Amino acid sequence: MAVIDKATQSGIDEREVETESTRNLRSAYAEDAISTMTSKEMRTKDAENEDMSETDRRLKFVLKRQWDMIRVLAKSGEERKDRAFREEKLRSFGWTLDELAEKFNVSTKTIKRDLKSISYVFGGSAIKTKNEAHGRKRYYIEGSNITFGLSLNRDELLAIYVAQTLTSPLRGTKIWEDLQKSREKIKDIMTDETVKYAERVAPFFYRFDPTELHYSKEMRTLIDKTLEAMIKGRALQIKYRSLNSQRSKTYEIDPYNFIYWGNAIYLIGYCRRDKKVKVWKVDRLSGAELLEARKSKRATFDVEKYLSNSVMPFVTGEGVREVTIRFTGYAARIVEEERLRSIQSVTTCKSGAKIVVLRTETGKMFFRWLLGFGAHAEILSPLDLRRDYLCELQSIQTRYQDSGDDPAQYYEEVEKRIEEEKAQRREAEMNANF
């Protein structure tokens, strides 16, 4: 198959075609190549193939025509599976002998020989037929047993291997499994040397995930249904249990985008009940049903613009504010390196500190982001936000002061008191019933 692919490329070099695989295929094609090539075709190609033997010229031209025919027949097979195509019924799928002969400017006898050659190489079931009135047949290719026009060098193949490594958070989803299958199919048509190079170099690119993320079969189904709703532009009914809730709630949403952040996948969509765009963590979904009758408003949503005013992919809708923060030490360098999109300006002080002005939302998730810098980040304005953040820091300080130098013993006593209080409540409830 790799040989046929190479034979279809423009500017072909005889050394590329003259491989062991080519010689093995000659026995299958050579006789048909000689018999199906017309004298007119030969004269047309003689000038550009002066350095090739007569048999090679014929073989090259016929391989090109037959490979193009495979593409045409395969496209018909894909149209047959396409729901929109079936519903519209613009034309019958597949090609008749006369239509193929007209397209490739050869006789129907030549087309029959081409189809026979293709079936011989790829198997008798590669080409499907559909019977019509008066004994007429339409030909098409269905399935994915034939790889079309694919030619990669070793660095392009390496890029595919690295892409698979970087998309490891999708492990367990259909997209991940399809990527695996694609890589295996590509390996089958590449040389051993190219594959060995990619497999040796790809591990140099390693993605570190602090947690092992692997979606279950049930979660994969939910992701697939959500993606289907996005593609069809339909609304979705989801069941979701938030971090602070004891049970799942049902939401009707317009799903917009998947986001990967912090080793997890999140779903952005418009919540029809709350009348605003919200974010849901995919791991917390417990159900998803496509609402065929309800169209979504996906076309009016710009995810890039939506996330431009946030340091994290969690926009609460509480409003964007301009925040000034002073970063010192390693934090100053990190902020400069990360180049946050929400940064409005950066001023470098003589001490090396960075005064950064951001336009961002400032809820709990903002505090979570800022806490990651520890004492090296200080809110300068607005003052109300500075005070709220100080209260958050003081609550952390109080927690540490209360637990003292023996936090294990402290919390053991806390848990004991909680159990005693629960037992007292249960006893009180029993006495009340009597």
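Biologist: In the hairpin that β1 and β2 form, what phi does H134 have in the turn?

Modeller: β1 and β2 form a hairpin with five residues between them, where strands are DSSP runs of E with at least two residues, helices are runs of H or I with at least four, and both are numbered from the N terminus. This is a predicted model, in which local features need pLDDT of at least 70, side-chain atom pairs count only at pLDDT 80 or more, and totals for chains, interfaces and linings use all residues. Residues are numbered from 1 along each chain as its sequence is written, and side-chain values use heavy atoms, with hydrogens and water left out. H134 sits in the turn of the hairpin, and its phi is positive, at about 65°.

Biologist: Which residue in β2 is the bridge partner of K128?

Modeller: Strand β1 covers residues 127-131 and strand β2 covers residues 137-141, and five bridges join these antiparallel strands; two strands count as paired if DSSP finds at least two bridges between them. Among these strands' residues, K128 has as its bridge partner in β2 the residue Y140.

Biologist: Are E132 and R138, which meet in a salt bridge, buried or exposed?

Modeller: A salt bridge is a side-chain nitrogen of Lys or Arg within 4 Å of a carboxyl oxygen of Asp or Glu, and the side chains of E132 and R138 meet in one at 2.7 Å, N to O. Buried means under 20% relative accessible area, exposed means over 50%, and partly exposed lies in between, with a 1.4 Å probe and protein chains only. Because E132 has 19% relative accessibility and R138 has 8%, each of E132 and R138 counts as buried.

Biologist: Which helix holds E177, the salt-bridge partner of R220?

Modeller: The side chains of R220 and E177 meet at 2.4 Å, N to O. The pair links distant parts of the chain, 43 residues apart, with R220 in helix α12 and E177 in residues 174-189, which form helix α10.

Biologist: In what order do the strands of the five-stranded open sheet stand?

Modeller: The general idea is that strands of a sheet pair through backbone hydrogen bonds, either parallel or antiparallel. In this open sheet of five strands the pairing is antiparallel, and the order is β6-β5-β4-β3-β7.

Biologist: Which strands are the edge strands of that sheet?

Modeller: An edge strand here pairs on one side only. The edge strands, residues 276-281 and 285-295, are β6 and β7.

Biologist: What is the average twist from one strand to the next in that sheet?

Modeller: Axes are lines fitted to C-alpha atoms, for helices over the stretch in contact, and angles run from 0 to 180 degrees between N-to-C directions. From one strand to the next, the twist averages 45°.

Biologist: Which helix gives the largest share of the nonpolar surface patch?

Modeller: Patches are made of residues with over 30% relative accessible area and no salt bridge, with like charges joined within 9 Å and nonpolar side chains (Val, Leu, Ile, Met, Phe, Trp, Tyr) within 5 Å. Here L371, L390, L393, I396 and Y400 form a nonpolar patch of about 450 Å² of accessible area together, where areas come from the Shrake-Rupley method with a 1.4 Å probe and, for residues, only the protein chains shown count as cover. L390, which is partly exposed at 45% relative accessible area, is found in helix α16. The largest share, four residues, comes from residues 383-403, helix α16.
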